[in-house]
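Dear colleague,

Please find the structure below, handed over for your use. A summary of the findings follows it.

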Amino acid sequence: MSGAEEETKRVSRRHFLKGSLALPLALTVAGGLLTVPSLRRADARGFYLRPPGALAEKCFLGACIRCGKCVQACPYRAIRLAETDAGVAIGTPFIIAREEPCQLCTDLPCIKSCPSGALDKGVTEVEKVRMGTAVIIDRENCLSIRGLRCEVCYRNCPLIDRAITIEPRHNPRTGVHTIMEPVVHRDKCVGCGICEKSCVREQPVIVVQRTPLPQQDAYEF
Amino acid sequence: MALSRRDFLKASAAAAALAAATGGRLGATDVHAAEGGIRWGKAPCRFCGTGCGVLVGVKDGRIVATKGDPAAPVNKGLNCIKGYFLSKVLYGKDRLTKPLIRKGNKMVEASWDEAMDLIASKFRESIAKHGPDSVAMFGSGQWTVFEGYAAAKLFKAGIGTNNIEPNARFCMASAVTGFMTTFNSDEPMGCYDDLDLGDTYFLWGANMAECHPVLFSRLIDNRLKNPKVKIIDFGTRFTRTSQMADKYIRFNPQTDLALLNAIAHIIVRDRLYDENFIRKHVVFKKGKTNIGYGLEDKFKFADDPKPMTFDEYREFLKPYTPEYVSKLSGVPAKTIEEVARLYADKSRKVNSLWTMGFNQHVRGTWVNNLVYNVHLLTGKICKPGENPMSLTGQPSACGTAREVGTFTHRLPADMVVMNEEHRKKAAEIWGVPAEKIPAKPTYHATEMFRALDRGDIKVLWVQVTNPFQSAPNLSRYRKGARKGGDRFIIVSDIYPTRSTELADVVLPSASWVEKEGFFGNAERRGQQWFKMVEPPGEARNDLWQTMELARRLGHGNLFPYKYVEKEMFEEYRKFTLGQGKDLAPYEAYTKARGLRWPVVNGKETLWRYAEGYDPYVKAGEGVKFYKNKPNDYKAVIWARPYEPAAEAPDRQYPFWLCTGRVLEQWHTGTMTGRVPELKRAYGGAVCEIHPEDAKRLKVKHGDKVRVTSRRGSIVLTADLRGRGKAEKGNVFVAFFDENKMINELCIDAYCPISGEPDYKKCAVKLEKA
Amino acid sequence: MNFRRWTIIRRLVQVGVLCLIASPLAGFSFFQGSLAAGELLGIPLADPLAALQVVLASGVVASAFLLSALGVTLFYWLLGGRFFCGWVCPVYLLTELGDKLRLLIPAGKLEIPLKTKGWMLLAVACITALSGVPFFEIVSPIGMTTRAIAFDGRSALLCLAGLLLVEVTLARRLWCRSLCPLGGFYALVGRVAPLRLRFQPARCSSCGDCSRVCPVAEVLVPSLDHGTEQIRSGDCTRCGRCVDCCPEGALTYCFGYSDQGGPR
């Protein structure tokens, strides 16, 4: 090896150290310091109604590669991809139930299409889907609870009489009628959002929310 | 210009009349003082036959709010989801506001004068060339009493034809003939109070939970308060009603006839009947059997009633053993025994409720007779909380179609054109010579559309209904309507429909509170309302349209009224007085939240034929079927056998098709379809299939299936998880969807006695599409 | 200028990839998904870096997914690693456009070493493992572009416009040359890839055209300066522009390793 070559090599090593290593390292450390804490709270963002079979939000955000295959697999075009405003969830699939809820296809094509396992292939029956839980968030404005014969959410529920049932009780206001209150059963509700879509009020009084975690206490009911 | 001058005069006359009509009185009936500039007026709901009362809030000439009327005895301030959206029903974007006349393939806007002149000339021409039976009117159980009365009067007493039919022929006719053959007077003896007072309720072919929502709420409340109450739902499809019933009894389509005879069989076999009641109030009769299905054009049928004895009736019932009927119907013999005992249980007040499962039936009259048989045998009738009750689907099927008598064979108040005395009485009240009213009924609804197809009817005017979506075997009649020749079709409606698209002239109508009106609900309750808002654009009341035609045909003298609605009502009222159908003076209805006829001395009648309630029944008589003079004031128990349906599944078409309604949409969806919220809640017709059938056909929930009958074919989404669960071998499709007209598949077989088609049974095949 | 055979073929392939990604919009179903994961005629394809991130981020191991990622890696190994960049990646097409724009406006000349990509790859792996989200899939302009094409991604287009601006005003081909971790990954693969560019020093007239057109001209240095017979650097995108532009035909595609041996 000639001296000139030696020189080049040294220069390039210096160059490497100065330009090639320091800058990216600095970038990595700075970027990491900035991003990691915010990314760790990823699942603390608002509730996204994920397609059927989605892993728990935190895990889902890790496993979803934002490829959009489930969007293309959905025959009802219910699944859409999150935009930049979704932060770390950008490009992940979600459902706006009020606009187009999950119709719970018997063969669950979205789950089949997911390559990365973010939608769990172990979920093969619609009854096993757990996207969220429907909750009547505004009892005051629920027509059925006000005694009117509405119950549209109940009659449209794909798991009618299981996920939503009617609990009739006497209506003291008229004295001769029944209040037919729709009641959601958390252990059966799959969170498809069809009830939210079908609610006739301007603001839906029944919406799908994140399924509350079971709470453990030293008390047996 | 003459026409604008006349319009002006009419308009100001109308304004004056309105002022006279409503200026003072609307104030009197205003229930709530103006709040926030909103004036509230009362009206019955525009939808089903329940007849819920609503308060309509008007501000700046527009309906801005509605609410259930707390003072209305029917619903006490509640509504179903359709009623909740009443305020939006009139304000769809595509309201018809101008008369339209067909020019080739286009509908061109025209003035009222042009349109009415054209219609009048077509009527004149056709009557001159082909006689009065070449023109016809197809009306509605949604007609106000005035509209129906004016149309009947014009056609029967003016033009001189019985070519007038309501769409109620498609939904109530079998109930009518059932009442007429058994009691010789139309409409139920009971009322909604029975829902609060009874112990046992048998529902037959009625999805009350969805089709009579507010009444169902009342029925369920009775059970909540009284644990003794039992609701038993007989059906061929598991519905929301079945879900809430104590027991759901599934039977094979058409075998209701056999089931009711089996119940009677057990009651007679085990002497569970009320001997005293039978002796005093019942006669036995039999009619013709093998009576056909009316599938051929110009089908005619006349029954030949023969009296029989109780023993002969007992003999007639012999074959209907629980074992035999169990095989036929698929209901276990033990269940039939239990049901019979429940019907006869002396410790229970028993009611039967039914709707279209009975009425839309090729033996609709028979099956109505048969349910009365059971009540008459056990004496469980005409008592508070204990009655058979036919529920209706349209707001004034009772008030207008049945009471005014807008059927081809009828005259007001239970009278018929075949009876000379009846014709005389009608002619007298109408101020025309008795000969003017033709004695022969012409076409009932299905035959009317067949006559149009053949070309026997040239000019047809359709008001307040949508027959080219709701008729059975629809393709034939839709094609028939556009066969050309001399055929001329006029459709009055508030929105473009599948019927207006076939019309030569489309007239924009006023609806509901855009006009003064009067409806009669299923419990004989007449309810009046005032005009509260102006119709949009040039839209006008159907009543005005009919009278305008009358004027142009030279029959203006039939309608010599100043305050049209009131004077017309008082004239109509004359028919009812002393006939056990007495209506109150008009004034009374403007104040009351409806009154149940007969109203005698200002007192309404809750239970007909019952002492203490019905003023026509004298003290000591207990129960008296006073309208049934030909049968010695007794009700008739009819020996009506089981006969098969017109078309049953076979190898080629292996499924029963049943059609019906859902809570969110009403009839052909022309009004509810304009409410976005209701559309979102239930947007389009689907095909309910039993999961096992679907599996065999390799159809999943949400797949497209082609449903085909001998008459038509349609592609629908398969529904395996819906609110209604089809039984094995059955499918169900709602008929409201104008883009999926299932009635194209329905057979136009009808009950030979009532003329009502069977929308509940025909054979179809399914294929994955 | 001679007939630019490889450039034309490459453009066709690039546009073809865009069409493939957009094809579901037109109702076709032979391709689904995007470059992160897709399915072509029923064959599952997966981005190896995406697969790596899923494993690091969530611990979810979908064997089929990893296998297809392996298959894709082998495919690009065969074709030269950053062949993906030069022939498939839509962002490369975008930065090529940026390159053209640089001729029109005064452009920045910042240079960041090619190797930075590799460090970026490491950084992505670290951040992904620490944060539990597939970090690169969130910020990747490749993902944004493909999603913008296949789905509705208007805001993503904004990011891409920003990228273009940086490319033009700050540094030439900044993203593809130096920053893209996926490029870094394929650069590693490309080092040992059998499809390479062959240099015949005898024919070279030292006109320098190849260096001018090459987006990563550094890779030509050993050959031009020292006559190395093959372009061995993994950074070479096998785009073939040098092949097209060399008036003497000194540069050609070749398959296999030269005498001077494997990598470096």
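This is a predicted model: local features need pLDDT of at least 70, side-chain atom pairs count only at pLDDT 80 or more; totals for chains, interfaces and linings use all residues.

Residues are numbered from 1 along each chain as its sequence is written, and chains are lettered from A and ligands numbered from 1 in the order in which they are written.

Confidence and chain contacts

Chain A has an average pLDDT of 86, and 81% of its residues score at least 70; pLDDT is the predictor's confidence in each residue, from 0 to 100. Over residues 13–18 of chain A, pLDDT stays under 50, and the model has two contacts beyond four places in sequence for this stretch. Two residues count as in contact if their C-beta atoms, placed from the backbone, lie within 7 Å.

Two pairs of chains touch, and chains A and C have the most contacts between them. Chains B and C share no contact, and their closest C-alpha atoms are 19 Å apart. Between chains A and C, 35 residues of chain A are in contact with 41 residues of chain C. On the side of chain A that touches chain C, α1 (3–40), α2 (57–63) and α3 (69–73) of chain A each supply at least two residues. The most come from α1(A), with 12 residues. Helices (H or I, at least four residues) and strands (E, at least two) are DSSP runs, numbered from the N terminus. By type, this side of chain A holds 16 nonpolar, 14 polar and five charged residues. Here Ala, Val, Leu, Ile, Met, Phe, Trp, Tyr, Cys and Pro count as nonpolar, Asp, Glu, Lys and Arg as charged, and the others, Gly among them, as polar.

Domains of chain B

Chain B is assigned domain 1 (1–30), domain 2 (100–170 + 395–596), domain 3 (173–394 + 633–639) and domain 4 (655–768); the bounds come from an automatic or database domain assignment. The C-alpha centres of domain 1 and domain 2 of chain B are 23 Å apart.

The seven-stranded sheet

An open sheet of seven strands in chain B has the order β5-β4-β20-β19-β18-β6-β7, with mixed pairing; strands pair if DSSP finds at least two bridges between them. At the edges stand β5 (106–109) and β7 (164–166) of chain B, each with a single partner strand, so one side of each has no neighbour in the sheet. From one strand to the next, the twist averages 20°. Strand β6 (residues 135–139) of chain B pairs with β7(B) in the parallel sense over three bridges, and F138(B) has E165(B) as its bridge partner in β7(B). Helix α6 (residues 145–159) of chain B lies across β6, β7 and β18 of chain B, at about 165° to β6(B). Axes are lines fitted to C-alpha atoms, for helices over the stretch in contact, and angles run from 0 to 180 degrees between N-to-C directions.

The three-stranded sheet

Another open sheet in chain B has three strands in the order β13-β12-β24, also with mixed pairing. Its edge strands are β13 (306–308) and β24 (635–639) of chain B, each of which pairs on one side only. Neighbouring strands of this sheet are turned by 45° against each other on average, direction ignored.

With kind regards
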